[in-house]
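Here are my notes on the charged side-chain pairs. Please read them alongside the model.

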Amino acid sequence: MAGHTPPNRSVLPDPLNVFSRIGTKLYTFWLRTTYPFAGFGRGVSIHPSCDLYRGSSPYIALGDETYVARDVWLSIVGQSDGTDAAHAKIVLGKRCKIGRRSVISARNFIFLEDDVLLGPSVLIMDHNHEYSDPSVPIHAQGTTEGGRIVVGRNCWLGYGSVISCGRGELVIGKNSVIGANSVVTKSFPPFSVIAGNPAKLLKSYDPQSGRWLRVNAEVSEETRKPTHVDKL
């Protein structure tokens, strides 16, 4: 009926969700107390469906209030029995939120600074499969030497985006946004909006106007590279 206002009914939460939350708390407690992580902060939450192996845990450090959603895979490539864990290879800063089905795979070093947000199905990988010898199956050739990846604080990586470093160091400056399904293979400065395959710089934040402004397509690559100060 026209003009009819539906009754104001409060929607009660699904009671089954309580069991899921309890399961996550128990699993996180189990990991904290039995796995030899390089670091495990307060208030961490890891869903039981995640792929996370005891032998890899000495190479992983999780900051306070880090949240790891369903079906996330934290993978350490190469040595993974903890015997040579001189330093962590995956470091997640405080309050990082890792979206479901995301993969973080490190051979060397991947660092997500504080408050980094990952949408679902994000891939961050600091190496690749070796394929140089066509006479040998790719799965038998191991991985490339790869590089290092640093994602600055308060970055948002959109759905299905890929961050891949073949060599050297790839740095995404702080407060940057990476669009859905983008493929990032090089560094970008802080306060950037990045999108595309391959990813390109689309906007930068202008502190004087308080606005995100489109970047001239003719801006040189040198002005897009993060400086040493940007990385801090």
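1. Start with Glu-169. This residue is partly exposed, at 38% relative accessible area (buried is under 20%, exposed over 50%, partly exposed in between; 1.4 Å probe, protein chains only). Its salt-bridge partner is Arg-148, with the closest N and O atoms 4.0 Å apart. The term means a side-chain nitrogen of Lys or Arg within 4 Å of a carboxyl oxygen of Asp or Glu. Arg-148 sits in strand E12 (residues 146-151) and Glu-169 in strand E15 (residues 167-172), so the pair ties together parts 21 residues apart in sequence. Strands are DSSP runs of at least two residues, numbered from the N terminus. Arg-148 is partly exposed too, at 39%.

2. A word on provenance. The model is predicted: local features need pLDDT of at least 70, side-chain atom pairs count only at pLDDT 80 or more, and totals for chains, interfaces and linings use all residues. Residues are numbered from 1 along each chain as its sequence is written, and side-chain values use heavy atoms, leaving out hydrogens and water.

3. How many salt bridges does a search of the whole structure find? Three.

4. Arg-95 and Asp-115 form one, at 2.8 Å from N to O. Arg-95 is in the loop between strands E6 (90-92) and E7 (97-98), Asp-115 in the loop between E9 (109-112) and E10 (117-118); they are 20 residues apart. Arg-95 is partly exposed at 31%. Asp-115 is partly exposed at 30%.

5. Asp-64 and Arg-42 form another, at 3.5 Å between the closest N and O atoms. Asp-64 is buried at 18%, whereas Arg-42 is exposed at 63%.

Notes. Helix = DSSP H or I, 4+ residues; strand = E, 2+ residues; numbered from the N terminus.
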